[in-house]
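This report describes the structure shown below for a reader who is new to it.

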Amino acid sequence: MKSREDPRHLSRIIALQKLFNSTFQKTNIFSNEEISNIDENLNYNKELLDEILNGIKENNKKIESIIKKASLDRPKEKINTLDFQILKIAVCEGFIKNVTPPKVAIDEAIEIAKEFGDTSSSKFVSGVLGNLMKE
């Protein structure tokens, strides 16, 4: 499992927290003020965090469409919120913005799903992203 100290891994976790929180709080995850409030002592990769959050902002409909197709048209409402946000990060990072090789984005998504999701999260995330790789 990736270390929480890895700056790129930590950036993905911060992105997940912001996306997950915005789902329930109806907050703007893309506000520069919000990003600047991150603890300066955290050793995260700011460029990757910005790339993920801005990539999702700019391509949200496309990302959600890709996830829907790769999850065999399972309705968004039927997908665990946390799993859906993890998928959005992986699709954005590895398939839309191409800032990380797709296999690395998939591995990271699975690790984060194991770390934060329920017992079936990593299998679901792996299955959806595996379907995406087949295409």
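## Packing of α3 and α6

Helix α3 (residues 46-70) packs against helix α6 (residues 121-134) at an angle of about 100°, and their axes lie 8 Å apart. That angle makes α3 roughly perpendicular to α6, a term that covers 65 to 115 degrees. Axes are lines fitted to C-alpha atoms, for helices over the stretch in contact, and angles run from 0 to 180 degrees between N-to-C directions.

On the α3 side, Ile66, Ile67 and Ala70 meet Val128, Asn131 and Leu132 of α6; contact means heavy atoms within 4.5 Å. By class, the residues of this contact comprise five nonpolar, one polar and no charged. Here Ala, Val, Leu, Ile, Met, Phe, Trp, Tyr, Cys and Pro count as nonpolar, Asp, Glu, Lys and Arg as charged, and the others, Gly among them, as polar.

## Basis of the description

The model is predicted: local features need pLDDT of at least 70, side-chain atom pairs count only at pLDDT 80 or more, and totals for chains, interfaces and linings use all residues. Residues are numbered from 1 along each chain as its sequence is written, and side-chain values use heavy atoms, with hydrogens and water left out.

## Overall fold

The protein has six helices and zero strands, following the pattern α-α-α-α-α-α along the sequence. Helices (H or I, at least four residues) and strands (E, at least two) are DSSP runs, numbered from the N terminus.

Of the 135 residues, 43% are buried, meaning under 20% relative accessible area with a 1.4 Å probe, protein chains only. Among contacts with a separation of 6 or more, 70% join residues 24 or more positions apart.

Helix α1 (residues 7-25) contains 19 residues and spans 26 Å from its first C-alpha to its last, close to the expected 27 Å; the expected span is 1.5 Å times one less than the number of residues. Its buried residues include His9, Leu10, Arg12, Leu16 and Leu19.

Gln85 is located in helix α4 (residues 81-96). Its relative accessibility is 6%, so Gln85 counts as buried. Leaving aside neighbours within four places in sequence, Gln85 is in contact with Leu16, Leu19, Phe20 and Thr23. The C-alpha atoms of Gln85 and Ala109 are separated by 9.8 Å, although these residues are 24 residues apart along the chain.

Terms used:
Parallel < 35°, antiparallel > 145°, perpendicular 65-115°, else oblique. Buried < 20%, exposed > 50% of the residue type's maximum accessible area, 1.4 Å probe, protein only.
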